[in-house]
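Take a look at the sequence and the model below.

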Amino acid sequence: MISIIFLSLFIAVMAFCGYSFRLLTMSGSIAAFFVGLAVSLGFGIKGLIILGFFFASSSYWSKYKKRNKVEIEGRHEKGSRRDWQQVAANGGTAALFSLLYLIFPKTMWIIGFAISLAAANSDTWASEIGSLSKRRPFFIRTFKPIDAGTSGAVSLLGTFAAISGAFTISLLAFYFFHLTIIEAGVIFVFGFVGNLIDTVLGAFTQAVYRCNVCKIEVEALSHCGKKTTFIRGVPFMNNDFVNYSSGLAAALLGILFVWIK
């Protein structure tokens, strides 16, 4: 009981610090507290360290060379600060598997937890680092060059970052949960697969709008102070929904692979 109270206080302080340093909105801080609480109940401090690494590293890369990303952030629905929907999209699946492990302590829930964070980390690193590439990425719908930061865009630097993001989470899971090399490999592979799923969904299903003022394609409902016009994709498939779907799909595929192996 004492350890749970301590962990809860620790999570609350970390969530408040995230809000204070303008990494989270107030709703994001509240969501981060509940995600962290679920992870602490299921996996204790080990799970929190992995979750904390994802949050800290993604925040760092979001702030890294931020001036170079101003134009890219302007096309997105939300900036670098994370609200409750973004926190839930990236950490909600990890929280779910943590609670499942609390009720049914099986290794497959550890793997699902780690894959969901590996997928989120892979996608975040790919987006934040890949957008700094000196070469224009190509769009997987047309295989033609497109502006950096476009959902569905792929670059060599972004791909390397995605691989690195998935690998670091698999390495942390391997160390803290004493997994086998094969289990760590599954986390790495399906974590990267999550990024691939995110890219495909971003290119073919994510909602895209056109600004009626500057005429560029954006992911936001408003741009240049005016409401944008929907041009393609599925209206409810915003970036948060795509991130949640890809992380959950990758985790379920990884668990299925382990189960039938």
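## The nonpolar core

How many residues does the largest nonpolar core have, and which of them have the most contacts inside it? This is a predicted model, and its largest nonpolar core has 34 residues. Seven names stand out for their contacts inside this core: Ile50, Phe113, Ile115, Leu117, Ala173, Phe177 and Ile187. Several helices build the core. Helices H2 (26–63), H4 (84–103), H5 (107–130), H6 (156–176), H7 (181–204) and H8 (239–260) each give two or more residues to it. H5 gives the most, with 10 residues. In soluble globular proteins, nonpolar side chains tend to be buried together.

Look at Phe177 next. Leaving out residues up to four places away in sequence, Phe177 touches Phe43, Lys46, Gly47, Ile50, Ile110 and Phe113. Two of these partners, Ile50 and Phe113, are themselves among the core residues with the most contacts.

## The chain as a whole

The chain has 8 helices and 8 strands. It runs to 261 residues, and 46% of them count as buried.

## Helix H5

Helix H5 has 24 residues. From its first C-alpha to its last, H5 reaches 33 Å. That is close to the 34 Å expected at 1.5 Å a residue. Is H5 mostly enclosed or mostly open? Of its 24 residues, 21 are buried, so H5 is largely enclosed by the rest of the structure.

Beyond its neighbours within four places in sequence, Ala126 is in contact with Ser131, Gly158, Ala161, Ala162 and Asn195. Asn195 is 69 residues away from Ala126 along the chain, yet their C-alpha atoms are separated by 8.2 Å.

## Helix H7 and Phe192

Phe192 sits in helix H7. Is Phe192 buried or exposed? Phe192 counts as buried, because its relative accessibility is 19% and the cut-off for buried is under 20%.

Which residues does Phe192 contact, leaving aside neighbours within four places in sequence? They are Ser122, Thr159, Ala162, Ile163 and Ala166. Take Ala162 from that list. Phe192 and Ala162 are 30 residues apart in sequence, but 6.5 Å apart in space, C-alpha to C-alpha. Ala162 is also in contact with Ala126.

## The cavity

How many cavities of 30 Å³ or more does a search of the whole structure find? The search finds 1. About 80 Å³ of space lies in the largest cavity. Its lining has 14 residues. Those nearest its centre are Ala89, Ser116, Ala120, Asn243 and Gly247.

Which helices supply this lining? H4, H5 and H8 each supply at least two residues. H8 gives the most, with 5 residues. By type, the lining divides into 6 nonpolar, 6 polar and 2 charged residues.

Thr93 is found in helix H4. Its relative accessible area is 3%, so Thr93 is buried.

Ser40 lies in helix H2. Ser40 is buried too, with a relative accessible area of 8%. Ser40 and Leu99 are 59 residues apart in sequence. In space, their C-alpha atoms are 9.3 Å apart.

## A buried residue in a loop

Where does Thr228 lie? Thr228 is in the loop between strand E7 (226–227) and strand E8 (229–232). With a relative accessible area of 8%, Thr228 is buried.

Which residues is Thr228 in contact with, leaving aside its neighbours within four places in sequence? The list is Tyr209, Arg210, Cys211, Asn212, Val218, Ala220, Leu221, Ser222 and His223.

Methods. Residues are numbered from 1 along each chain as its sequence is written. This is a predicted model: local features need pLDDT of at least 70, side-chain atom pairs count only at pLDDT 80 or more; totals for chains, interfaces and linings use all residues. Side-chain values use heavy atoms; hydrogens and water are left out. A nonpolar core is a set of buried Ala, Val, Leu, Ile, Met, Phe, Trp, Tyr and Cys residues joined through side-chain atoms within 4.5 Å. Buried means under 20% relative accessible area, exposed over 50%, partly exposed in between (1.4 Å probe, protein chains only). Helices (H or I, at least four residues) and strands (E, at least two) are DSSP runs, numbered from the N terminus. Contact means heavy atoms within 4.5 Å. On a 1 Å grid over the protein atoms alone, a cavity is a set of points where a 1.4 Å probe fits but cannot get out, and a pocket is an open set with protein on both sides within 12 Å along at least five of seven lines; lining residues have an atom within 4 Å of a point. Grid points are joined across faces, edges and corners, and a volume is the space filled by probe spheres set on the points. Ala, Val, Leu, Ile, Met, Phe, Trp, Tyr, Cys and Pro count as nonpolar, Asp, Glu, Lys and Arg as charged, and the others, Gly among them, as polar. The expected span of a helix is 1.5 Å times one less than its number of residues.
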